[in-house]
Amino acid sequence: QEDFETRFNIPHITDIFHDAVPIPSTFCLKMRTPVTEDFAGGYPSDEEWHGYINKNDRVLLKVIHYSSPTSAGAECIDPDCSWVEQWVHRAGPREKIYFRPEEVKAAIVTCGGLCPGLNDVIRQIVITLEIYGVKKIVGIPFGYRGFSDKELTEMPLSRKVVQNVHLSGGSLLGVSRGGPGISEIVDSLEERGINMLFVLGGNGTHAGANAIHNECRKRRIRVAVVGVPKTIDNDILLMDKTFGFDTAVEEAQRAINSAYIEAHSAYHGVGIVKLMGRSSGFIAMHASLASGQIDICLIPEVSFNLHGPHGVLSHLKYLIETKGSAVICVAEGAGQSFLQKTNAKDASGNVVFGDFGVHIQQEIKKCFKEIDVPVDVKYIDPTYMIRACRANASDGILCTVLGQNAVHGAFAGYSGITVGICNTHYVYLPIPEVISYPRLVDPNSRMWHRCLTSTGQPDFI
Ligand code: ATP
Ligand code: MG
């Protein structure tokens, strides 16, 4: 452990509790022993081939070597030390576990907005807990609210209950924003005798999970709190991708294609598609790249002018003149500076955004009316349809592995952690490291430049 930087070390309940037991034999991985005599000498003996993750196993966070921070761009984890190798804990089953399965009462809670794959993760957590031998598994209904609302009773979960839940989108347990304070939640954990809490949610939910973890340590109660990041926007730091993102990009193709057909079939047709992305434009960028049907992609990270000779509307006029139609993709958080600020907040305290899709539609109509050119603008907002989808195959696999690893992490005694995928390997990260700010599209990154090459749009400044 000393060989690694301490930055990504993850909290372990051994700061208070020390009694470990062996992992149930259900998780004994039957490893192949080496076949060639040549290598056999240097290999572990038969008994040592078990395949458990050693607590010192690490994954390299960035496999690329940057000769200077200037070539790293947003990929640079820390602007001052892009060349430092950073290692994070490898996820998976440990040989020693810190909870006796028969003494575990595990709870699962889903908070924030919907995201494809929530049910897949719930299902896999339940299935894995059962394989460890856990009998008491419950779902907390409607997010953190379920801890305080006396009307809401916990939902008993078993393999039978969750068997087919991944076949539909949404969350079996329900979601919510806002809710009780941290000490009320921990009181409720104590009352219910919950000692493993799996929290599925975004940055807000994870901030809550970390606070619950700290409160449990403060009260010296033996609880493992493990997060599974749920952000359709893919805006969690350090991770290759989060579940639901792939599905969202795929589902967005249908909306983009419809917008394209509408625009193409109309005289001077303009299609506008609004996609998710409050602060990060990953979905809009990837959906534009995937479809090849987008002429203008607008994301929150890249500022643009609407009016003026280099503005979006001027380019749109050019597209109508030359191509006869155009399709625009806007991320939810793009162009917020053009809208009236309302100061409205949701129950969790997040700022409610204005609808830039509606705004740009009106501006396009106004602009073309002024120059007396007919234009037929169609606006498609598929966001709620995308959020409610079931996970696609690739997200299904991601959810399965994340769900299993969440359980392995809790049994291994880690708490205040979240699971993710870094460089195609599954890892545990300390929660504060991933929620300090949202991961953003770097306007200087290769990917954004590839997107611009694909759409053919200029800089709108
Ligand atoms: P989404 O990506 O869908 O917005 P989220 O997890 O960020 O997901 P929020 O509605 O912001 O969704 O928060 C979910 C829950 O976490 C709410 O119940 C909220 O009260 C709680 N929460 C948000 N921020 C914090 C915080 N800083 N500390 C403790 N709890 C928080
Ligand atoms: Mg959030």
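A polar contact here is a pair of N or O atoms within 3.5 Å; within protein, one must be able to donate a hydrogen and the other to accept it, and residues adjacent in sequence count only if both atoms are side-chain atoms. Keep in mind that this is a predicted model: local features need pLDDT of at least 70, side-chain atom pairs count only at pLDDT 80 or more, and totals for chains, interfaces and linings use all residues. Residues are numbered from 1 along each chain as its sequence is written, chains are lettered from A and ligands numbered from 1 in the order in which they are written, and side-chain values use heavy atoms, with hydrogens and water left out.

**Stop 1: the ligand**

Select ligand 1 and Gly 178: a polar backbone atom of Gly 178 sits 2.4 Å from a ligand oxygen. Then show the side chain of Ser 348, with an N or O atom 2.5 Å from a ligand oxygen. On its own, ligand 1 exposes 630 Å², and the protein buries 74% of that (accessible areas by the Shrake-Rupley method with a 1.4 Å probe; for residues, only the protein chains shown count as cover).

Which helix gives the most to the shell around ligand 1? Colour α6 (residues 203-218): it supplies five residues. (Helices are DSSP runs of H or I, at least four residues, and strands are runs of E, at least two, numbered from the N terminus.)

**Stop 2: the nine-stranded sheet**

Now show the open, mixed sheet ordered β2-β3-β15-β14-β9-β8-β5-β6-β7; strands pair if DSSP finds at least two bridges between them. Its edges are β2 (58-60) and β7 (155-156), each pairing on one side only. Zoom in on β2: three bridges tie it to antiparallel β3 (residues 87-90), and Arg 58 has His 89 as its bridge partner there.

**Stop 3: the four-stranded sheet**

Next comes an open sheet with parallel pairing, in the order β11-β12-β10-β13. β11 (296-298) and β13 (376-380) each have a single partner strand, so one side of each has no neighbour in the sheet. Three bridges join β11 to parallel β12 (residues 326-331); pick Ile 296 and you'll find Ile 328 opposite, in β12.

Finish with helix α9 (residues 312-322), which lies across β10 (269-275), β11 and β12 at about 160° to β11. Contact means heavy atoms within 4.5 Å; axes are lines fitted to C-alpha atoms, for helices over the stretch in contact, and angles run from 0 to 180 degrees between N-to-C directions.
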